[in-house]
Every structure is written in C-alpha cells, then in structure tokens.
Amino acid sequence: MNIAVDTPSVPETIYLKDYMPPAFAVNSIDLDIRVFDTYSEVTAKLDMRRQHAGDLVLLGRDLELKSIKINGQVLSPEQYQLDSEQLTIANAPDQAVVETLVIIHPESNTQLEGLYKAGDDLFVTQNEPEGFRKITFFPDRPDVLSVFTTRVEAEKKFPVLLANGNLIEKGELDGGRHYTVWQDPTKKPSYLFACVIGDLQVLKDSYTTMEGRDVALEIYAEAKDIPKCHIAMQALKDSMKWDEVHYGRPYDLDNYMIVATSAFNMGAMENKGLNIFNTSCVLADPEYTTDAAIMRVQSVIAHEYFHNWTGNRITCRDWFQLCLKEGLTVFRDQSFSEDLQSAAVQRIDDVSVLKSHQFPEDAGPLSHPARPDHFVEINNFYTATVYEKGAEISRMMATLLGKEKFRLGTDEYFKRHDGQAVTVEDWVAALSAGSGVDLSAFLTWYNQPGTPTLEVNEEYDATTHVYTLRSKQSIKPHAKYPNLKAVPIPVAIALFDAETGEQFELESESLIENHVKDGMILFDQDEATIHFNNVTNRPVVSLLRNFSAPVNLEFAYNDAELAFLLQHETSGFNQWQAAQTLLENILLKNHDSSVYLDAITNAKLLPELIKTDPNLASRLLDLPSESYLASRIDSDYRPEIVEIKREALLNDLAKQFGEFWKTIYTTLDPKSQTEFSQAMGIRALRNIALTMMARQGSTEVFDLAYQQYQTTDNMTERLGALRVLVWFDAPQASDALQDFYNRFKDEDLAIDQWFMIQAAHPRADQARIEQLVAHPDYDLGTPNRIRAITGGLGSRPVNLWGEVGTAHFINLAKIMDQKNPIVGSRMIQALSRWYTLSEPKRSELKEKLQTLQGQAKSKNVVETIDSMLSV
Ligand code: BES
Ligand code: ZN
C-alpha cells in the first residue's frame, strides 16, 4: 500500500510561457471502475507512446496506489517517484503499457470533483478541469487525447451504469452485482470522461442528423422529475438543428445522454455524449420553475451541446486557452437564445450580465486577460472575463465579418483543427484565412486585461452638411501589464434626424459598407476622425448599437437626447441602453428624474411595445440593480445612499403611472398568448405592476397578491406574488410562506426559491438569516441550497455589506475552504469590491479578509483572497 503524504508547500504559479508538449501520448485507456459502499477500485491500462524526451508523468491526487505495472512487469516503489500530485517514472521505455490499481473514496468526496456520491442512489463524475486525476493516474491535461473504453461495475440497486460512447457489453455478476462496458470511438482529453452509477429514470427521444444518422436522446433524472424534462429535450433537438443550420455541424455519435443531479458545483458539463447537469439547468416546468429558469435551461442545454464541436471535437491545448472553448460557446448559445425569444431582450440580458459582473471584475483586483498568462488554481479562472468577455471577442469578429464571411471562417476552423487541441492563435488564424480578413489585431483583446474606454465627440456643420466624429481610446494602466495597446473596436452606428426621428442613410469612406442605414466603423487606432456626408439636418447619433464592442463608451449625451433615443431608436437594445443611461444619470449623478419619467410615460411608447414586445417593455421599466450601480462607484461607496435614491425613484415611478399599473395588471392576460415568449413578457409586466401597486400603498394589493399566489398554476406568477407579500411585510406573508413550503417541500428547486426570497428580504436581519441557516432543509453539501441564501443576501448590498451579510459569507468561506474549495472560492468573491466601501467599513472588511487569509488552506480560497487583498 502506498499513500502519498501531503507535503505543505507554497502554491506554485503556472505560466503560459512554460508550456511544453507532453513526453508521452496515450493512444487508448481501458478503465474499470468498481463501486462498493465504503470505497471504489479503479484499474486503468494506458497504452502510452513517447513523443518527446522526458519522464513519464502521471498525475494523481488522493489516490491509494495498490499496484503498478509497466509492460506486464510489477514496479517496486524504488522504480518510481510518488508525491501528493504525481507519479514519475524516469527512463520509461518508448512504448509503455502502464497498468495501475487504485482505491478511491467517492462516498466521502465532498468537493464534488472526480467521482463522487451525489445522493443516496447516485454516483457521478466532474472532471473538468483537473478532476480525472482524482479517479486514476493519468496525464490529466487537455492536449493528451485518447480512446476510452470503460467498464463500470456496481450493485444492482444501481440499475443505471453509464459512460461515454457506445454500450458494447453488459452482464450480471455474483453477489447481486452487474456491469456495463462502453467504448467512445472519438479521441478525447480526460476532462471529458464521465460515468454515472445510479437509480434513475429516463426520458427517451431521437433525432436524425442532416447526414441521416439516427441519434438516441436520453435524459436521466429521478422518477418524479421526468415530466420536467420535456422542455430540455425539445431544446436539445432545437440545438442540434441550429448547429447544423448555422455552423454546418452535425452530431457524431449514436447517442446523447444527459444526467440530472442536484449535487453539482456548476451549471452543467459537456462530457462527450454524456452531459451531466445541475437539476437547476435541466428541469423546466412552468408549474415548478420560473420563466427565467426555463430560458436558462434552454441556453445551458444549447451551450453544452454546442461544446461537442467547440470544445470536444476541437479542444484546448492547455487551460490558459479556456476562453477558446468557453467564450466561443457562450457566443454560440447567446445567438441560439436570440433566435428563441426577442433578440433585443436576449442581448439586453447578456449585456447586463457583462456590465454587472465582467466590467467590475476587470476593473478590480481580480482583473486578468480573457486568456490569462498565469494561475495558481485553474478552477479560479472560470470567470466572467473568460466566459463573457471571451464571448464578446468572438461576437466582435463575427459582427465585423458579417454572416457569410464568419461562416467561411468557422468552416475553416473546423476543417483545420478537427481532432486537435489548439490555441487562441489557431482560432484567429483559421477565422482570418477562411474569411479572407486579417483579424490578428483581435489577439490583443485576448491578451490584455481591462475594459477600454472609447471617448467620442461630435461636430455638425449645418452649411456643408458634414457630420464629424472624433474618437480616442484608452485603457486604465495595469501594474502587471505595462504595455497596453489599442484594440480594434467595431462600432455599429446610426444617425437620426433630430427633428423628425427619421433614420439617415449613411455616407462615409470609413464605413465597412458604404450607403447603409445601419453602419459599422472599426476604430482600431488610439485616435480617429470620421466624416459623414449629406447629413441634411442636425442628427442624433446612436453609437455602439446592440453593444457591438465591450467598452465603456463616453459620449456627452444630454438627457433630452437620451429621451429622444428612447423614443426613436429602431434597435430595442439601444432604447434600453438610453433608458439605462438616463437612469444612471438620475441615480448616480443627481440628474432630475422628470426627463426619464416623462419619456417613459409618453403616450405612445409603452402601450405599443406592450403589444409587440412585452418583454422589452418590461426591461424599459427596470431600474439598474443596486449591485450594478455599486459597480459604477469606485470609492467611498455607501450602500444605504444608493438604496435610498433607488427606492425614491421606484416610488416616483409608481406614482407617475397612477392607475396605469392597475390597468396593466388587470387587462393583460398571459393565457391569451400562444407564444411562450410573449406570455413570459406579460407575466413580467404584471409582476412589475403588482410591485408598483404595493409601492403606491394600495391596501387591496395584498389581497390581489394573495389571490394571485393561491390561484395560479405558474411558478413565475406564484413567486411574483409571494415576493410582494414577503418583501412588503404583508399580513398574509407568513401564511403564504408556510403554504409554499408545504406545497413544494419535495421539490428542491422550488425550496431553493423559498430560501432565496426570504434571504433577499429588504431588511433580512440576523434572526431571519439564522433561522434559514438552522432550517432542517439547509444543507452545506448542496451548492444550490447554499447559493439560495448567498444569492438572496447578495442581491441587497445594504445587507451584504452589513454585519449579517459579511459574517455569513466569511463563515461560509471558512467552512467551504475545507469542504468544497471550488464553491468556497466563488462565494468569497461576492466581497471582492470591499475596497470601494467608505470608511470605517472598508478597514473592517479588510481586517476580516486578512484574518480569513491567515486561516484558509485550499489553493482555491488562498489565491482568491490574496488577489482580493492586492489593491
Ligand atoms: N465546461 C463548463 C463546465 C465547467 C465549469 C467545468 C467550470 C469545470 C469548471 C460548462 O460548459 C459551462 O460553461 N457551464 C456553465 C454554464 C454555461 C451555460 C455558461 C456553468 O456551469 O455555469
Ligand atoms: Zn462551457
């Protein structure tokens, strides 16, 4: 027996520049996983071949090595070196069949990484990025691609035994046990390996690809949840079709399986042919889950499916290239979702996430390039920057190229690199070659941190009819990146006649296409000047339409011009953008609220939108969240002040509309709609209206809310009503909460919402949070349940930064540092803007974080706290 001792050491920093190809390839691996109650045995047989000089290195963590053979010969402990991270064999032969037997403990694995027990009747794996090394010894890095054959063995009380690829054998064994053998014909890196052992039911369907291949589709879940899998199944078929139509990519195996589990750190994982999903990202049913959750399910299903080409068939050379697969795949799932609902609203929601998470991340101590060049713990780099900014970079190139050229570019990428592990450079080079447009300047976007600022000034000559824009880009200096360069910034643009609101035809030599209404300019230098001819009347310019680049735009709009754009922009996204800028002016710069209020109550705007795009109408009524507003404040931040101002504006809005809210509430009926997306918009509007009526202080509103709560069969409506009752302390609140609990006590996702609403109470005090944490259903082993409370608390900055909030987060980080460091590290990031707070809060927070820094053990939490404190 041989257990490596964990030698405490300073965590090592890994650098992109140190990349070395592996000394050995693994052509194939035969895995045999035998699960028992108190341990599991794993045998692995690796067919390895030398590629380069160097030792034969197998990575392994928390493995109990029972035996190791090379080419049939048992190795004695002197013949290899073993530490807590790897097994090294010097002087290995060029062809080596390495066979190991190890013991692992999935039944006590609380980190939810590697093979772990995910409930009484279920074992699942999570191997990205570095979980496979907790299952067996292997060169666990994405540039080692192998054919996997997997045997899974367990007791028959686990009827479902799954692994990647095709089922090639199954059978019964003595002692009430059975097994299956699976073979995956496509070579893959170890992070895409998966297996599942459990007692689950299955929903089956099928899809015929454009090549005529019949694919068996299967979604596995607990019996009671099978009826909630139909929306995901439809989304899967829609995604398969969408990737064929838009990228020419058909599916390549005979089956596609999805397994739902409630014990999952993340949303979902794209394991080859065997996706594993958090229940929150696969179960969808209007009776149990909200409209937002249903939209999320569809986009995550698409995301993981799209990885089959962008991630699995073409994977990453190393983890620094993570945004190659994640950024591109997020861009693809966003595009898919834009086809499912109002494209403007989808873009609004995606840009909101970008601006409220990625922009602040990139402006603070956790800032890093979309492709980082060093890390301590790779799990800490599944960030908004890698995902969201990564998606924006792909989107910018797609926008600049236009549909046809972008397709030529991606066709070339798939042709060149199918079956390979590649880099961001390979991606940009293939796109350039295929499209015939040199995109190499976009590499700068991947390589440097920070959000660029684009400052634009205008000038109009009424005699020559020439309209001029002057631009200047800049980026905040960064201690670690001294040589920041200009980046290519595609700016979509339109000019509107200031008098009539008509859109001008654009004429300029600087336009990507001349003579168009919807134009595009590429600002790729530090400064530029652009002229438009034949602008016959003073225009109002709309810049960065559809948010064509992830930059901070500075243009001196006055509030009247913003109100004009809110009325006249033909892009729904930019109508919203104008409203948001107006609202920010009111909330952060003390502008008068009347311009916004008058514009939004304009007789035509809302009633028309409510008919054509009710979702967009609801977004135009949305105030920027307190967390977003906080992200715009860099020092002396006082959460109470932001809350007071925002509350006052909400109350003004409630008053301004008068009876209109009640009209919206009583006359709109989601049941009159045939399209889900329209009905969703109407539900959103009615929930806003209900809240506004509560703000008006109407006494009957609680009765209306209670009635809505009791009579609806729709979770969006039920929660909308419950929120009003709970957050406004209605007399019916505790009744409704009790009723909700009784109704849904066996539905984990609904109970998550029940926790969340209470934790998000405007004045969630210690007693309330303590009561939630002490509730028998609160469970530190289920990340979804933990996030229900942190998500609720975190949505109210006043509570987050108060005693109760910070204590909750710090405490949790301490516990999770030991129990589940991936989740612990994410949790503590909620406090990453501590340094913006006003004194004495700022110093108090700093001290608390420093104390935590001294106590934390895991690489994950240590690296995150170190970065957070490096301001
Ligand atoms: N590959 C990731 C899952 C993952 C994330 C594995 C972090 C290991 C560490 C998956 O494709 C993914 O990106 N999932 C997202 C959802 C997606 C819609 C952006 C997630 O889990 O949040
Ligand atoms: Zn992904």
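I started at glutamine 766, which is partly exposed with a relative accessible area of 49% (buried is under 20%, exposed over 50%, partly exposed in between, with a 1.4 Å probe and protein chains only). The model is predicted: local features need pLDDT of at least 70 and side-chain atom pairs pLDDT 80 or more, while totals for chains, interfaces and linings use all residues. Residues are numbered from 1 along each chain as its sequence is written, chains are lettered from A and ligands numbered from 1 in the order in which they are written, and side-chain values use heavy atoms, without hydrogens and water.

I placed glutamine 766 in helix 21 (residues 766-774); helices (H or I, at least four residues) and strands (E, at least two) are DSSP runs, numbered from the N terminus. I then took the C-alpha separation of glutamine 766 and aspartate 461, and it is 62 Å, for residues 305 apart along the chain.

**Salt bridges**

I looked up salt bridges, meaning a side-chain nitrogen of Lys or Arg within 4 Å of a carboxyl oxygen of Asp or Glu. The count is 54.

I checked arginine 545 and glutamate 569, whose side chains form a salt bridge at 2.8 Å, N to O. Arginine 545 is in the loop between strand 31 (539-543) and strand 32 (552-555), and glutamate 569 is in the loop between helix 8 (559-568) and helix 9 (572-589), so the pair ties together parts 24 residues apart in sequence. Arginine 545 counts as buried because its relative accessibility is 8%, and glutamate 569 is buried at 4%.

I went on to lysine 662 and glutamate 700, a salt bridge of 3.1 Å, N to O. This pair links distant parts of the chain, 38 residues apart: lysine 662 is in helix 15 (residues 660-667), and glutamate 700 is in the loop between helix 16 (676-695) and helix 17 (701-711). Lysine 662 is partly exposed at 29%, and glutamate 700 is partly exposed at 36%.

I also noted arginine 133 with glutamate 130, where the closest N and O atoms are 3.7 Å apart. Arginine 133 and glutamate 130 are both buried. A network of salt bridges links Asp32, Arg34, Glu41, Arg151, Glu153 and Arg177.

**Aromatic pairs**

I searched the whole structure and got 38 aromatic pairs. Rings of Phe, Tyr and Trp (its six-membered ring) pair if their centres lie within 6.5 Å; planes under 30 degrees apart are stacked, over 60 edge-to-face, the rest tilted.

Phenylalanine 132 and phenylalanine 193 are edge-to-face, 5.4 Å centre to centre with 70° between the planes. Phenylalanine 132 is in the loop between strand 12 (122-126) and strand 13 (146-155), and phenylalanine 193 is in the loop between strand 16 (177-188) and strand 17, so the pair ties together parts 61 residues apart in sequence. I found phenylalanine 132 and phenylalanine 193 buried.

Tyrosine 741 and tryptophan 754 form a tilted pair, 5.1 Å centre to centre and 50° between the planes. They are 13 residues apart, tyrosine 741 in helix 19 (residues 733-744) and tryptophan 754 in helix 20 (residues 748-759). Tyrosine 741 is buried at 17%, and tryptophan 754 is buried at 8%.

I listed one aromatic cluster, whose members include Trp242, Tyr305 and Phe406.

**Aspartate 199**

I ended at aspartate 199, in the loop between strand 17 (195-198) and strand 18 (201-208). Aspartate 199 counts as partly exposed because its relative accessibility is 36%.
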